[in-house]
Amino acid sequence: MPMIQFDDVVKVYPGSAAPAVKNLTISIPEGETCAIIGPSGCGKTTAMKMVNRLIEPTTGAIFVGGKNILKQDTIELRRNIGYVIQQIGLFPHFTIRDNVALVPQMLGWTKARTYRRVDELLDIVGLDPAQFRDRYPRQLSGGQRQRVGVARALAADPPVMLMDEPFGAIDPITRDRLQNEFLRLQKQLKKTIMFVTHDIDEALKMGTLICILQVGGVLQQLDSPKNILSKPANEFVADFVGSDRGLKKLTLVRVGEVMQATPTLGAHDETGAELMNRMRRHEMESLFIVDDTQKLIGYVTIDDAQKNLGKPAHMIASQTVATIEEEATMRDAFSEMLSYGIRFLPVLDNQQRLVGMVSADDAQNLIKQRAPVAALAL
Ligand code: ADP
Ligand code: MG
């Protein structure tokens, strides 16, 4: 049984001739993230808002967890559906804690239980509760506010999440980080998610299923990211996905899948001479340097090592200009390397520990492979 099911759903807004959503039939199995994508005005938001009955369908039926939502109490329905939107909708005069506590309070939880849950949620989304719970929304950055929005949607642990361009208004670097965090979170939470975006790269990164709509809310293709790229159903989908499909294939491969997990490294207390010897032995031109806890300190080139034979690595090391996370796509990694003109990227976990390394060659090899290969066969 699918977790979310649209059955021939039509929405015609009063006073408009053309439907905003037309005969939409889709099913989303439990635990999947369905990225809804299409041009502006194609009915993405309308489709999503019908799931929690912010908008009522004109005809057709929608089922959540097997139940017809039109026959369900709205409050009861919304309790099971977390909702995150681009404008976040935090209340400016409520503290972060009171904002996150809205749903538990509505459900009549005790104060103690509610506050415990708020702290737990702030932790989950990467905000230190002690530092953030008493602040007001305006005292947070855009990325931090968006995290609060996610925390609030997760408050009552709903099985279903609706996310309408949740990272749309955030700068690209923070957006990448929030996407990666959310992917990590989803690995544990396994929610069933409808994720609206207008960005095909975000859809391919976040979605385990992709639903492409044309203006008028007409379904063009509902398929895996891999099939959307390799077998577009029609010209509209092919155009929408774009001409750089080779490059887009990089979006389907995570850094963690192809990284070299045990790169040759240098230790912070080794001398330039020791580093130089190692680089010569392995025919390398530079080395990443880590401390005793595997935290990345920087890198040393063979020239720097040669000029500083007696000095310890931590004194020779230059700061790394770019790093990447395991959940990031190889497209993210490749674009970082291109923009900084570097051939290697250190892969860090969320404690800044080095867990691997990817190279521009890894990315180029993936682009060259025409037929689906192991790494692309999702
Ligand atoms: P998207 O989220 O894909 O950009 P929407 O679902 O917001 O698209 O809108 C789909 C279509 O329905 C658009 O043509 C839009 O103008 C129209 N529409 C959206 N909301 C309303 C409304 N409340 N009343 C009338 N028309 C609307
Ligand atoms: Mg919209």
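Leaving aside its neighbours within four places in sequence, which residues is Gly31 in contact with? The legends below refer to a predicted model.

**View 1. Contacts of Gly31 with residues beyond its sequence neighbours.** When neighbours within four places in sequence are set aside, Gly31 is in contact with Gln186, Lys190, Lys191 and Thr192.

**View 2. Gly31 in the loop between strands E2 and E3.** Strand E2 spans residues 21-28 and strand E3 spans residues 33-37, and the loop between these two strands holds Gly31. Gly31 has a relative accessible area of 29%. The C-alpha atoms of Gly31 and Asp223 are 15 Å apart in space, while the two residues are separated by 192 residues in sequence.

**View 3. The shell of residues around ligand 1.** The residues surrounding ligand 1 are Tyr13, Ala20, Ser40, Gly41, Cys42, Gly43, Lys44, Thr45 and Thr46. Sorted by class, this shell comprises 3 nonpolar, 5 polar and 1 charged residues.

**View 4. Polar contacts between ligand 1 and the protein.** In the side chain of Tyr13, an N or O atom is 3.4 Å from a nitrogen atom of ligand 1. A polar backbone atom of Cys42 lies 3.2 Å from an oxygen atom of ligand 1. For Gly43, a backbone N or O atom is 3.1 Å from an oxygen atom of ligand 1. Ligand 1 exposes 560 Å² when taken alone, and the protein buries 53% of that area.

How values were computed. Residues are numbered from 1 along each chain as its sequence is written. Chains are lettered from A and ligands numbered from 1 in the order in which they are written. This is a predicted model: local features need pLDDT of at least 70, side-chain atom pairs count only at pLDDT 80 or more; totals for chains, interfaces and linings use all residues. Side-chain values use heavy atoms; hydrogens and water are left out. Helices (H or I, at least four residues) and strands (E, at least two) are DSSP runs, numbered from the N terminus. Buried means under 20% relative accessible area, exposed over 50%, partly exposed in between (1.4 Å probe, protein chains only). Contact means heavy atoms within 4.5 Å. A residue is near a molecule or strand if one of its heavy atoms lies within 4 Å of it. A polar contact is a pair of N or O atoms within 3.5 Å; within protein, one must be able to donate a hydrogen and the other to accept it, and residues adjacent in sequence count only if both atoms are side-chain atoms. Accessible areas come from the Shrake-Rupley method with a 1.4 Å probe; for residues, only the protein chains shown count as cover. Ala, Val, Leu, Ile, Met, Phe, Trp, Tyr, Cys and Pro count as nonpolar, Asp, Glu, Lys and Arg as charged, and the others, Gly among them, as polar.
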